[in-house]
Structure formats: C-alpha cells, structure tokens
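Student: Could you walk me through a few residues of this model before I set anything up?

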Amino acid sequence: MKLRLIRISEGEEEIVIRYREMNSHLQSIVALARGAEPKIRAVWEGREIFLLPEEVYYFENVDGVTYAYLVDKVVRVGESLREITLTYEDRGFFRCSKSMVLNIHRISYLKSEPGNRIRATMENKEQVMISRKYAKELRKVLKGGADEEER
C-alpha cells in the first residue's frame with residue numbers, strides 16, 4: 001500500500017482512499033478518518049476513561065478480571081479477552097496465550113525460545129511469552145495472514 005501526504009495552504013482537507021477491494025484494514029482506516037474509531041472503556045483510579053486501541057500494549061486476564069497495559073499504567077477493562085480478540089484482531093491484536101492478548105504493533109522484537117515458544121519484547125521493555133499453541137498463528141499473521149497452500 002502506498003501512502004501519499006500532500007500539504008496544502010488553502011482549501012478543504014481531503015482524504016482519498018483508492019482500493020481494489022474493501023478489507024478490514026481499510027475499514028479501520030475509514031473509521032479512523034470519520035472519527036468513528038471505537039474506544040475501549042476502562043477504569044483507572046476509580047474513574048472511567050476511554051482508550052484508543054493503539055495505546056494498549058497488551059491485555060491480560062488475572063483472576064477473571066481483564067487489565068490493559070499501557071505505556072505508564074495498568075487499567076481495568078470490562079471486556080473479556082475473547083471479546084477483545086474478536087473486536088480488535090483487524091487492528092493488530094492477537095491472542096498469544098490463554099490469559100493474554102497482545103498488540104503486535106507494539107512489539108520491538110521477537111526471539112524464538114525452546115519448546116516452540118516465542119518471547120516478545122514490547123516497546124515498553126516488558127517481555128511477553130507467546131505459548132506454543134499460539135506461536136504458529138503469530139508466524140502466520142506476521143507473514144501476511146495466509147499459508148502458501150491457502151493462496
């Protein structure tokens with residue numbers, strides 16, 4: 001996909017998207033441009049706040065409660081990991097273990113570990129282990145979403 005930005009000094013700002021086929025990635029871009037981007041409702045220090053999905057490094061379920069890990073704080077969210085995965089998988093969120101959903105856009109680097117697991121180091125320097133059950137799916141997602149036989 002090619003991105004072209006043109007600065008103008010006068011007139012109305014405009015966004016033009018040229019596409020062959022609408023897909024979930026383009027739908028997310030359209031929602032963002034329209035200002036209809038979904039926000040995640042969370043609770044932090046007793047107050048209700050709203051997060052953009054891109055702010056979240058990962059979600060973790062601890063004792064039945066789901067938390068979102070941000071650059072500088074941890075907040076409680078009301079959605080389950082399953083709901084988060086279904087809602088935001090087209091935005092780069094990936095189920096990496098039974099208790100965690102990871103934002104692949106916030107990964108700094110990956111390292112293979114024994115037992116077919118993968119260690120992900122996040123932009124905030126935290127390390128997250130991707131279980132072997134989900135490692136193959138992550139490799140598939142990072143390669144573009146389809147195995148050779150599916151193409």
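Tutor: We can go through a glutamate in a strand and then one in a loop. This is a predicted model, in which local features need pLDDT of at least 70, side-chain atom pairs count only at pLDDT 80 or more, and totals for chains, interfaces and linings use all residues. Residues are numbered from 1 along each chain as its sequence is written, and side-chain values use heavy atoms, with hydrogens and water left out.

Student: Where is Glu 60 found?

Tutor: Glu 60 lies in strand S3, residues 58-62, where strands are DSSP runs (E, at least two residues) numbered from the N terminus.

Student: Which side chain has a polar contact with Glu 60?

Tutor: The side chain of Tyr 69 does, at 2.8 Å; a polar contact is a pair of N or O atoms within 3.5 Å, where within protein one must be able to donate a hydrogen and the other to accept it, and residues adjacent in sequence count only if both atoms are side-chain atoms.

Student: Switching to Glu 126, is it buried or partly exposed?

Tutor: Glu 126 counts as partly exposed because its relative accessibility is 31%. Glu 126 sits in the loop between strand S9 (117-122) and strand S10 (127-130), and its side chain makes a polar contact of 2.4 Å with that of Tyr 58.

How values were computed:
Helix = DSSP H or I, 4+ residues; strand = E, 2+ residues; numbered from the N terminus. Buried < 20%, exposed > 50% of the residue type's maximum accessible area, 1.4 Å probe, protein only.
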